[in-house]
Amino acid sequence: MPLVRRKKPAETEKNSGSESESNINQHVKPEKEREEETIDKKNARVKENIRKKKRAWSCVDSCYWLIGFVCTVWWVVVLLYNAMPSSLPQYVTEKITGPMPDPPGLKLKKEGLIAKHPVVFVPGIVTGGLELWEGHQCAEGLFRKRLWGGTFGELYKRPLCWVEHISLDNETGLDPPGIRIRPVTGLVAADYFAPGYFVWAVLIANLAHIGYEEKNMYMAAYDWRISFQNTEVRDQTLSRIKSNIESMVATSGEKAIIIPHSMGVLYFLHFMKWVEEPAPMGGGGGPDWCSKHIKAVMNIGGPFLGVPKAVSGLFSAEAKDIAVARAIAPGFLDSDLFRFQTLQHVMKMSRSWDSTMSMIPKGGDTIWGDLDWSPEEGYVTSKRRQRDNDTQSERHSTTGNPGSQTKSVKYGRIISFGKDMAEAPSSEIERIDFLDAIKGNNVVNNTCHDVWTEYHDMGIEGIRAVAEHKVYTAGSTLDLLNFVAPKMMARGSAHFSYGIADNLDDPKYKHYKYWSNPLETRLPNAPNMEIYSMYGVGLPTERSYVYKLSPTAECNIPFQIDTSADGEEEDGCLNDGVYHVDGDETVPVLSAGFMCAKGWRGKTRFNPSGSRTYVREYDHSPPANLLEGRGTQSGAHVDIMGNFALIEDVIRVAAGATGEDLGGDRVYSDIFKWSEKINLQL
Amino acid sequence: MSFLRRRKATKAEENNSEDPQLDTASKNDDVVDNKKQKLIQKHESEESSRRRRSSSRRWTCVDSCCWFIGCICSIWWFLLFMYNAMPASFPQYVTEAITGPLPDPPGVKLRKEGLTAQHPVVFVPGIVTGGLELWEGHQCAEGLFRRRLWGGTFGELYRRPLCWVEHMSLDNETGLDSPGIRVRPVSGLVAADYFAPGYFVWAVLIANLARIGYEEKTMYMAAYDWRLSFQNTEVRDQSLSRIKSNVELMVATNGGKKVVVIPHSMGVIYFLHFMKWVEAPAPMGGGGGSNWCAKHIKAVMNIGAPFLGVPKAVSGLFSIEAKDVAVARAFAPGVLDKDVFGLQTLQHMMRMTRTWDSTMSMIPKGGDTIWGGLDWSPEGYFNCSAKKLKNNDTNTADHNGKGGLGSTKRVNYGRIISFGKDVAEIHSSKIEMVDFRGAFKGSNLINATKCDVWTEYHEMGIEGVKAIADYKVYTAGSILDLLHYVAPKMMARGDAHFSYGIADNLDDPKYQHYKYWSNPLETKLPNAPDMEIYSMYGVGVPTERAYVYKLTPPSECYIPFQIDTSAEGGSEDSCLKGIHTYIREYNHAPPANLLEGRGTQSGAHVDIMGNFALIEDIIRVAAGATGEDLGGDRVYSDIFKWSENINLQL
């Protein structure tokens, strides 16, 4: 188009030139010629008029033209896409990569498997949808629309309103007055987290191949923001799960298979205790409810003993992906765009959610290691990392030379201030007790605070005291959190507990706050029930952090991960201020596997009836090409739900197989070795 | 831009005018040659420029197209942007500016009165309003896993109609799924809140209940596959068990407060079936014990209940021409009525709906006793025009004219189907009825080769078709015979699941069978003295009651009967007598203007779900009120009078 334009002016000049010459000759010409000329002139003038009209093509016009052109092309493409037989993409993929394997559902259907046991899904944190039932003025028109999950459209349109509605009351951990946000129910609650980002959808589709449908699949959707017992108090969610399992078991005549994912694992631990407890606090199902109704619990990526990410998330809202919201819009949330103080808002919001506290590391120093010791000691990342074909892999394979084994990383120090502190031998660290530090000596004036985080109550003195303590292990992080966020932890300690029980017969363990901690409860009395722990390995997973004090701007969160602390030759595990171990990107192997590998293996005090346990690990291998999407062999925390091997295992069990039929344990990591190192009385 | 250009051109001309003076001063012979050459050059250059111009003119055709589209798109986007940027309360503001302040929606109003959620609520959707989704299908339905086939946008109906019909149909023998196909009801409140985008069914009621504190834990949508017979929903999906377990759960978690059940349309009969099922002992029933209903149900608030069936069902089965039993037709009248694309749409629809057992649940029950004989009907002297005046459609004038006569000359509503309008009106003694049952079937003259659509009419042959037309008039009782005759296979399935008679002796052990459970004339209500039953329905809308048929021209693959569109009749929603209940009628008032959408005072079968008065009644009951608190009966029509006319032993 611009080419055409440019030519035109030149053309007109030329024409006008030739006309001028005809004018020259006017006097000399014979009459006839003159007449001809006038005719020509007239013609030329008419043409010029036309040209002038054409010249009326202006900038706006060409804009329209461009838009129209783009639209038309787009429509044609869409039309072609719609007219395309739906098998074409698959065909192309097969051309490129060779024949695809059948999805596990089809494959097993050909083997003759059919639906047998009803299946219950327990979604994890953040994956379940939440919708609005009652809101303030600013949320008008959003009745029964999803605020969490789906497209997150409202997050962008009215962010402050969104944060206000998604947050809970800071005192009670329940709804703020005038707001009712409720979990979406049914399979749609967590099949897709966002359009195109599957969570349960692949598993559901594969189960449907062998005959499952809505009457024998149930999504135990719950409000993942509130503490487990509160879901019962507010929504009667636990009762609903109980009643639905009972009804499915009654109509099908078979026991149910439970498939919890991520935090759902802890939620279901809580449920199993709740359902057998007598009525006022529990569900009153009687002591053999679980053995009568549950065939197997197939935990996927279960953070049985918590995840270190939860600490950094609560401490400074900086965990890499526990707040998936940040992963969705990293640019938007990380930078202080529009002066919204986004990170502070996110922090305030996520601190009002009791459930995040369920994932604080449990078992203290015994499990997670102390200043000088940790079970994963001597772990070499590079060995596994080589399969990763991203840019980091090269560096890691070079840094991961055997030399690193000589100097072991002290994973036990979950939070350390400064890299030197993370590495120094314990004797060199001078720790100043922060608990006595005077709080509230707030020099900074509070003018900027439409966002309230508890850091402002702490004052500079407190902040300095925290930093001077230098190193925190799993046990002392609790003290740390109690210090920096007393209100939150006050709520948390009413609902969760992080210790190890010395004597499980102590009547205090009847209280519901111990039910989601596998180290402080017994498994139900169900000798025939099987417990699987299925998780991905082969991905670097956050284990401990190097922090620094952030520059004292007014409204900032005073701590942040020291991203400059990169690993040198010796310790390849340190990257951007975070020490990594093996795991599924969110849950370290230790947390996901320990209970099934050791804590519950055989008859122990945590597993008095000797329910069988199986550890099934799935080694991560990234998708071979873009067409595969999120991969069929992924080991990542959420993507593992599309892992064909895992789906096959689930389907086999649902169709009646036992853990022995699957081949028992399947292990790639050093989980058994590490478990041995943990000195826990069983 | 264009101004600049024009100015340049004039400048060039000025220059030209200066030049000739210089040139004329030196008059040479060479000049002539030059002139000629230049002339030639001029011509050439003009030609070339013409060529260029013509090429650019070709450009403009496509250009202007693009321009046009671009223009439209940008305006559209601009409007969209404006719309999104508009505060959400703006349309309401405009409405209020035009029509005066809107009344508060009932939920807000009653919340101000201090009402809060008390009793859990169960919705039982009716026929066609519940969504159905695909769980397993044939090759042609690839990629539709867990997509809605019924409800939503009906996108697949247009893209692959034959595939759609294949998947929506049930097996003609068993009334269950065809092999390899699993279409299942959507569950949860989304199942029937909106039937199609913007066409609410339960959504308004749900929204208003939410205002006084209801949420998903206290509301339950008893979604079931409305294509199946009622007992088969239990056999295949355990729907009845699920309803039972959910009702029990809600009663338990709400501190023992009994539920309020709100069935709509066919859901009313479904819930009648449920109430019998749940108390019947285990193999056939739910084994809930004889006082399950008394313990769990506070009130059943039937909306638009076809307790005794609807005449529409007959015409639907007979020739699928009922006005909206097949709502799908209302959606796409152009596509479905005409035979576009040679797809024989109507025949496909007929075959499909005949595989749905549930349609047979709404065949008029009680025979001639209820619906009237050849010369008698309970609505005897109902004057069409009196109520129709409110209707401002084109029919009114016509009816007014007839209505003058109508009051003197009674309409024989009892004749549900008559062939020819004269037959519908003449006295019974003059009608010669030729018994069709003996007629010889199967002498099919037309060869059936061209019809890939199979309807049972082809087996009947011309003889049979003629015999039916010769019988002239059918009443509610003889209609059953008619249907048996034209669709024996369908009715064979129907007979196993439904019954249409009146019980003489309810203690007869045969009435233990589930096929009687959905017929209020053949079952007892559960033993629940505290339970209240409401019958809430709209009045004032002309409703199909009897049909005048004609034979269609005998072309090859057609359905041989067609409603004669030149004649019409009307009556109320069907109603009942014999169940001790509250009757709440809602008079129809069409929406005052377009902004009101489907109206807040509508009495139409589905639109009544948005009727403010009805919603208010429901909320009051859900918040603890009894029927007496509502003011007992509220009646606009002659229902009590007509009920007296019916001679039924009670």
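Q: What makes strand β9 of chain A count as mostly covered?
A: In this predicted model, 7 of the 7 residues of β9(A), residues 294-300, are buried. Buried means under 20% relative accessible area.

Q: How do you know which strands pair with β9(A), and in what sense?
A: Pairing needs at least two bridges. Strand β8 (residues 256-260) of chain A is joined to β9(A) by 3 bridges, running parallel. Strand β12 (residues 530-537) of chain A is joined to β9(A) by 5 bridges, also parallel. Both counts meet the cut-off, so both are pairs.

Q: Which residues are bridge partners in these two pairings?
A: Ala256(A) is partnered with Ile294(A) of β9(A). Ile300(A) is partnered with Met534(A) of β12(A).

Q: Which residue follows α23(B), and what is its phi?
A: Gly624(B) follows the helix, with a positive phi near 115°.

Q: Why is the pair Glu648(A) and Lys107(A) called a salt bridge?
A: Their side chains meet at 2.8 Å, N to O. The cut-off is 4 Å between a Lys or Arg nitrogen and a carboxyl oxygen, so the pair passes. It is one of 36 salt bridges found over all chains.

Q: What does the bridge between Glu648(A) and Lys107(A) tie together?
A: Glu648(A) sits in helix α25 (residues 644-654) of chain A and Lys107(A) in helix α5 (residues 104-110) of chain A, so the pair links parts 541 residues apart in sequence.

Q: Why does Glu648(A) count as buried, and how is Lys107(A) classed?
A: Glu648(A) has 17% relative accessibility. That is under 20%, so Glu648(A) is buried. Lys107(A) has 33%, so it is partly exposed.

Q: How do you know that Lys109(A) and Glu136(B) form a salt bridge?
A: Their closest N and O atoms are 3.6 Å apart, and the limit is 4 Å. The pair crosses between chains, from helix α5 of chain A to strand β2 (residues 132-136) of chain B. Lys109(A), at 38%, is partly exposed. Glu136(B), at 23%, is partly exposed too.

Q: What makes Arg182(B) and Glu213(A) a salt bridge?
A: Their side chains meet at 3.0 Å, N to O, against a limit of 4 Å. The pair crosses between chains, from strand β4 of chain B to the loop between α8 (201-209) and β7 of chain A. Arg182(B) and Glu213(A) are buried.

Q: What lines the largest cavity?
A: The lining has 40 residues, with Tyr218(A), Ser187(B), Gly188(B), Tyr220(B) and Arg242(B) nearest the centre. By class, 18 are nonpolar, 10 polar and 12 charged. The space is about 810 Å³.

Notes. Residues numbered from 1 in each chain as written. Chains lettered and ligands numbered in written order. Predicted model: local features only at pLDDT ≥ 70, side-chain atom pairs only at ≥ 80, totals over all residues. Heavy atoms only, no water. 1 Å grid on protein atoms, 1.4 Å probe; cavity = no way out; pocket = protein on both sides within 12 Å on 5 of 7 lines; lining within 4 Å. Points joined across faces, edges and corners; volume = space filled by probe spheres on them. Nonpolar A, V, L, I, M, F, W, Y, C, P; charged D, E, K, R; others polar. Helix = DSSP H or I, 4+ residues; strand = E, 2+ residues; numbered from the N terminus. Buried < 20%, exposed > 50% of the residue type's maximum accessible area, 1.4 Å probe, protein only.
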